[in-house]
Structures are given as C-alpha cells and as structure tokens.
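Colleague: I'd like to go through this one with you and learn where the labels come from. Can you put it on the screen?

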Amino acid sequence: MRVYVPLTLSGLAEAHRAGELGGAGSLVAYAVTPALREWYRSDDVEELEYAALNRAALASLRLLAADGDAARRRVVVAADVPDGAAAAGPDRGSDPAAPGEVRVAGPLRLAKAAAVHVDADDAEADVRAAAGALAAADGGDDDAQAVVDGAEDHELLWYATQEIPNLV
C-alpha cells in the first residue's frame, strides 16, 4: 500500500538524520482507504492516489500552521508499506474530516521511501498565507478558505529520495 506522510522541511531534515520516519511509535499518513474512496467518489486508482497525496499536503499545511519557524513549503513523503502496516485509526476512520488518514506502525525507513513531494520556492508566499488562514477556514470563513485553496493550486514537485540532502 502506498502511504503519504505529511512533514515540514525541518521534519524531513530530522528524518534524514535519523534515517527513518516515526521512530518507535506510529505515524499519521494518508492512503487510499474506503473512506477516501467514498469521499472522493472515484474508482480511478491514479485519481485516488492523487487525492491521498493532496490530503497529506493539507496535513503538512497544518503542521506549518502549528510551527511558525518552519520553512513555508509543504512536504510529503511517499512510501510503500505492507497492506497490514497501515490502518485507519478507530477514533478517526469514519471521521468525515479525515478521509484517507491512516496510522502506520513505525519506524518507516527513509531509504525505503518511493519519493518526496515538496512545494517549489514560488509557492512559499501562498503557503505562508494559507497556513495563517487555516484556523479561520476551519471555522467556516469562505475568504480564508479561498486563501487555503490558493496554496492547493501549487502542485508539489517530485524528488527522488537521493535528492533529500539537497532539499534539507
């Protein structure tokens, strides 16, 4: 199963130093789950994978909103794990706010990751604004939601795992 792990650039640097994601505990990721299929309403596997990646990018934005010192670029690590290694949390699996969210038993070796997806430099201003507007968007503010959507207009760039040292 392909999972998408949301991070920040500083989180990616930490994972790079440790050689793994998640340490001894579990980590939050996103994947094609029954809840995501129902939420996205598609049977196209590529579209569903893209939706899971975008859910992880939104989770990365939430990490940025919580960490004012982090570089304003969303980061998502894509990795393949055995099917049984990722499961929807019993407390979040049916939560409509968390389609595709899974828990992955850690650690997840960074060397086994398939790719890293990161915002380009030109997305930083929109990502900064979106991180600042996220709380208001969650509260139902349509103008703030438009700002958050502005960050989502930027496609994450694909990087091979060998390029991580250059990213961090």
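This is a predicted model: local features need pLDDT of at least 70, side-chain atom pairs count only at pLDDT 80 or more; totals for chains, interfaces and linings use all residues.

Colleague: Why are Trp 39 and Tyr 40 called a tilted aromatic pair?

Modeller: Ring centres of Phe, Tyr and Trp (its six-membered ring) must lie within 6.5 Å; planes under 30 degrees apart are stacked, over 60 edge-to-face, and the rest tilted. Here the centres are 6.3 Å apart and the planes make 45 degrees, so "tilted" is the word. The structure holds one such pair.

Colleague: What makes Trp 39 partly exposed?

Modeller: Buried means under 20% relative accessible area, exposed over 50%, and partly exposed in between (1.4 Å probe, protein chains only). Trp 39 has 42%, so it's partly exposed. Tyr 40, at 33%, gets that label too.

Colleague: How do you know that the charged end of Arg 55 sits over the ring of Trp 39?

Modeller: The rule wants NZ of Lys or CZ of Arg within 6 Å of the ring centre and within 35 degrees of the ring normal. For Arg 55 the distance is 4.9 Å, and it counts as sitting over the ring.

Colleague: And which element gives the most to the lining of the largest pocket?

Modeller: Helix 3, with five residues. Helices (H or I, at least four residues) and strands (E, at least two) are DSSP runs, numbered from the N terminus.

Terms used: Residues are numbered from 1 along each chain as its sequence is written. Side-chain values use heavy atoms; hydrogens and water are left out.
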